[in-house]
Each structure stands twice: as structure tokens, then as C-alpha cells.
Amino acid sequence: MDYHIYHLFPKLLNAYGDRGNIITLSFFAKEMGLNPIVHEIDDISQIDWENIDFMLLGGGFENEVALVVQYLQPIKEKLREKIIDGLPFLVTTSSYPVIGKIYEDSYHNINEGLGLLDIQATYQDEAMVGNVLIENSKFDEVIGFVNHYHEVEHNYETLGDVILGFGNTKTNKSEGLIYNNFIATFMSGPLLVMNYKITLFFLEAFAKKNDIDFYSINFDLIFEKRTFLEMSKVLKKQIGK
Amino acid sequence: MSIILGKLSIFLSRLMGHRGSDVGGRTAIKHDKNLFKKLASNIDTIILVSGTNGKSSVTNLIASVLEQDSDLVIANKTGANLYTGLLSSMIEATNLSGNKKFKYAVFEVDEATLPNVMNELDHAYVVFTNFFKDQLDRYNTTDLLIEKIKKGFTNDNVKLILNADDSNNLKFEEYSHVCYGLGKEVTNFVDNPLLDALQCHKCGNLLEYTHHFYQHLGYYQCQCGFKREEPKYKLTSLKSRDVIINDKNIEHNLLGDYNAYNVLAAYALLKELNFTDETIQEGFSLYNSKDGRMQLFNIKGKRVYLNLVKNTAGMNMTLKEIKGLNVKHVVFILNDAVGDGKDVSWIWDVDIESLNELDIECFYVCGSRGNDMSIRLKNAGIERQLIIAGRNFTNLVDSIIKEDSIVLASYTALNEAKKILLQKEKK
């Protein structure tokens, strides 16, 4: 069975290694017996709306993100419909702040965003950089690295409680956003590389939609588990756990 | 007084087994904030080398030639490239009163430190190698970095040696400069499919390429008219340790095709200082890399290469060299200390998949983020059984050196790996 992975504007949004999310998802899809087909989209006319199984909007520098936001304007309604419909969709790092109706940039100008969900994004002048460890998550623990100046506020479910590092705002101790099968986060890692449970989450959604018995699949997670556990240990040590 | 304290702290630091390459500056500056300016004013010609990759090689190549001409040369050959590192070099070289005169100084300078250094100088030649994405948590974007650097330049205080093939270098075109670049004849760099898309800094549109070397280096142009400047120093032939620049044949000892740029940059600077080709050739022939830049160890009849790899561009270039080296083991030591960059997501922008085409028996990974590297290899298609993860290099080295191998070490892992391999070599 084909598994259509859409990577939006990878040449422009390539600041945080998001390519790793695609490579990892493809690898897991193959392990599941699927045939992953990666569509690198440099132009919105390349999108086949009937055959999207996963979509990634990665992070880039400010000018590049602004360009992509412009390029996506004509299809933002379609994207929003897909998200409400349950399309597995990941938005990372510097693209997280632009998913709302408007967002503030580094010049403190208010720009038009993608209007995918209802969030507020403000820019403030001190960078939020460092590793992040989250607990009480749908995914038990989540680990990533953040590097941004934006603060995001919203009323959706988050990825969990921040135990180490920065959350959605300087004071807010939760990070990210999850709605249906849509996840947005400031974290790189890349996210799906460090957090195999989130990779499995996206693939499970596909499996459900396509009547595949997900629980009978044996994923070899030795490398992933070892990497995650060791990183979790190191980070917990930093906060004296 | 501050010089004496500086020299003393360098001596004590070395006594304790450290390199003492930065401490002199750090100590002295507490006592005399004007010391840098004072010492620099005693140097006739100051050359700074900056950029993402290649600073150390270019600095050492230049130093090697300057030393043919004069004994009065200061160079920070060990790579302490922050403000205090440069100051340390000057303190170590000068006399107790600090008024010794020097003919030349050549310093590799960390990009973020460059403006602070320029503040203390009346004039400098500045050689730029390239600007790649590197350590985003320290440097933020390349554009911001370049803006910061420009704040230290005026029309009179700088003569730039620019890489014409790097559009980021041309952001400095408004200052007095000459360019170096590769000719279209140089086809050895295999097309890297992971081209970064760069925007024209004049109009914001995406740059188009008529010819492409690697990463974002090549022949670029924009619909607004901005384009690559024809270089004064052109390299038209690239063979192993042998290049042709402006029709002159130049030999050197550096392994790796990407060193063509480093040799070219050094050559361009030295010609601008009116050195003859003969003197340049003499200096280049004497320089052998001993600082973890494709450094070769001979251990019980096996070749072990050690190379510093700090970012995507550097790792891609090193991987391209591996085929020609005929090694059986490939080793990654990946740390995430402050000097390495805490975010290791950049390894996913590296063309690790290309390793599938080679006949490598074993891949070793270690370092604080060695595990991330193991996943990178696995997901690139390398068989799980061929990937061996270890706590640290010491634990793995005996297995590694059983075959010809190459070690790719991140910044903070380099010196220890070098020490360990030197010990093994001596036995």
C-alpha cells in the first residue's frame, strides 16, 4: 500500500534538520510493509489532495518562513479542512507561530498567518534556547530542542508538562499543541527521530483509516529506545532527578 | 604588568598539561583593557581568517608562507580563535614590555568575535572562507551574523578576500575586496542533491544556479541582476594535493578536495601581499596537517584518518572523500557540548545515504550523541549489525584500528581522539 508523505517547501524550510522527520517516518512505514512516497513540494500546484497521508511543515529562518506563508495562502482553507478531517500533520520549530490567523514578526509587525487553528503568537526579544523534557504527555515523555523568540498561546491540548526547558511561553509550563492528528511544536530533534512514540502515533492514525491491524506489527525499536532513555536520563540528571 | 601576568598564566597552564592557548588573554584583560589595541599596533600587517569551515587550514597555510619571509610572525595555529585567544597569542609572542615589533600576524577568528577584534585594529586583511549554517544556537541566522560583522568594517579599515562562489560572501561586496573562485572546469565536487535554497539579499527572490559545486557554492545569479563576481584568483584544475591557480601549478599536502578552496583562499591573500609563487610554493610544501584536519596516523600498518566535522557542509565533504581513501571502518564521535552545538538535528541534512554505496565493514558511533548517529545510520539504510555504539572512543579504538579507518569527530571530541590515536601510533 502506498503511503504519501508530503514535505512542504523543504528547500526553504531546512534550518532544523526536518528532513530527518521524513526519513524516519519513511523508514517506519517500510517496516510496516507500506510503500512510502515522499512528495517534496516547492509549488502548491504539485499537491494531489486526494492522496495525502501525512504532511510536514518544518522550520526555517524568518524570511523563508514568511515566503512560505505567502505561498500557502491560496490553500490555507483546504489545509484547515484536512486538519479538521484528521490528516496526520506535523508543524515544527519556527513554523509553529504562523499557524494562527496572524503572527508577530521580529520587527514587531503583525502579519497574516495560515489560519489553520486558533493561536496567538507574539515575538519577544530574548531567545528561548535549549533542550526540553516533557512529562505527563499522551506520549509519556517527549524530548526535543528549541531555539526561538516566539511565544504561543492557545486553548488546545498540549504535548504535556515541561519539566526542563521552555514551554509555549516563558511562564507557561506546557509545550506544543495537539488537535486530532495535528501536532505543532517548537521542538526539533528532529521530533520524530527522538520520539518514536509520536512516529507510531502518526502511523497508527493511517492504519486505523486504512483498516490495518497496527498492533500486530513488530517494530524494531532497540536503537530508538536506547537513544531516548539515555537522553532522558541525561536531562533528568540536569534537574536533579 | 598585565603582559607578565598573561605570560605567567600561560606557563602555569601548560605546566598543568593544558594547551594554555586562551588563558593568557583572559588573565591579562582583567588588568588592562587596552592591551589588545596596544599589542596589535606593533604589528605591520594583520591578517584575519574567518568563516564557517576552513579557517584553521587557511590560517596555517598562510602562516607557513609568512614564516618564509620573516621570523617576526604571530599566528594562533592551535585554533584559539576568540578575542582572548588572539590576545593570548600576542602576549606569548611579545616581550615583557610589550613593545616588540612584528611584521605579520595571521589569526583565525571566530565569526561572532570578528567585530570585537576589528574594533581594536586600524586595518586588517580579512579572508572569508564560506558561510554555512553552523551552530544555530550560537549564531542564529547567517544574515544576522553578517550584519554583526559589517558593524566592525568601514571603507578604510579592511581589505577583504572573498569567495566568489559563496553568495553569502558577496554580501560584503561594498567593501574593498578581491575574489577567488573555482573555474567551471573543476568538476570533481559531485553534485550534492541537498542544495540549500538561498534568497538574493538584494531583492529576496531565490537565486538560480548555472553551475553548482557543493551546498550553496557555485555560479549563482538573480533576476534582479545580482550575480557571482568573476574572481581575480581562479582555480581551474584540482588533483590530489595539486592545483592550478591562474595558470600556475601549486602543490600542497592537504587531503580532501574541499581543501582546494582553502589553498585558493590562502594563495589569493598571499598574492595580494605581493608574495611570489616560489615563496608561496615553499611555504605550502612545508605545511602538513597535524591538527585533526584529515590528519593521517599510521598505526601498526593501518591508516587511520582523523577529521574535524562540525556541520552539514563539513560532514558532506568528508563523506565524499571516504571512497577515495579505501577504508573499512567509519567512526563518528558526536558530542553536543557548547562548542559542538547542542542541537544535533543537522546530521539529518548530511547525505549519509551515500555511505550505502561503499564497502564499509563497520560503523562505530560514540560521544554524547552517538546514539542519535546510530539512528541516522540505520534510517539511511545501513544494516543494524554493522552499527556499533560505544560509551566513548577509548572503549572502541582497539577494534577500530584493526582496519584502515576514518574518524569523524565533532569539535569537543577532536583533541581527545587525537591524543588517543597519537598514543596508539607511538606504541
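Buried means under 20% relative accessible area, exposed means over 50%, and partly exposed is in between (1.4 Å probe, protein chains only). This is a predicted model, where local features need pLDDT of at least 70, side-chain atom pairs count only at pLDDT 80 or more, and totals for chains, interfaces and linings use all residues. Residues are numbered from 1 along each chain as its sequence is written, chains are lettered from A and ligands numbered from 1 in the order in which they are written, and side-chain values use heavy atoms, leaving out hydrogens and water.

**View 1. B:Asp22 pairs up with B:Arg26.** The two form a salt bridge (a side-chain nitrogen of Lys or Arg within 4 Å of a carboxyl oxygen of Asp or Glu), and their closest N and O atoms are 2.8 Å apart. B:Asp22 counts as buried, at 18% relative accessibility, while B:Arg26 is partly exposed at 44%.

**View 2. B:Asp398 meets B:Lys424 in a salt bridge.** Here the N to O distance is 2.7 Å. B:Asp398 sits in helix H13 (residues 393-400) of chain B and B:Lys424 in helix H14 (residues 411-426) of chain B, 26 residues apart; helices are DSSP runs of H or I, at least four residues, and strands are runs of E, at least two, numbered from the N terminus. B:Asp398 is partly exposed at 45%, but B:Lys424 is buried at 17%.

**View 3. A:Glu141 and A:Lys236 form a salt bridge.** A:Glu141 lies in strand S8 and A:Lys236 in helix H6 of chain A, so the pair ties together parts 95 residues apart in sequence.

**View 4. B:Lys378 reaches A:Glu224.** Their side chains meet in a salt bridge at 2.6 Å, N to O. Chain B and chain A have four salt bridges between them.
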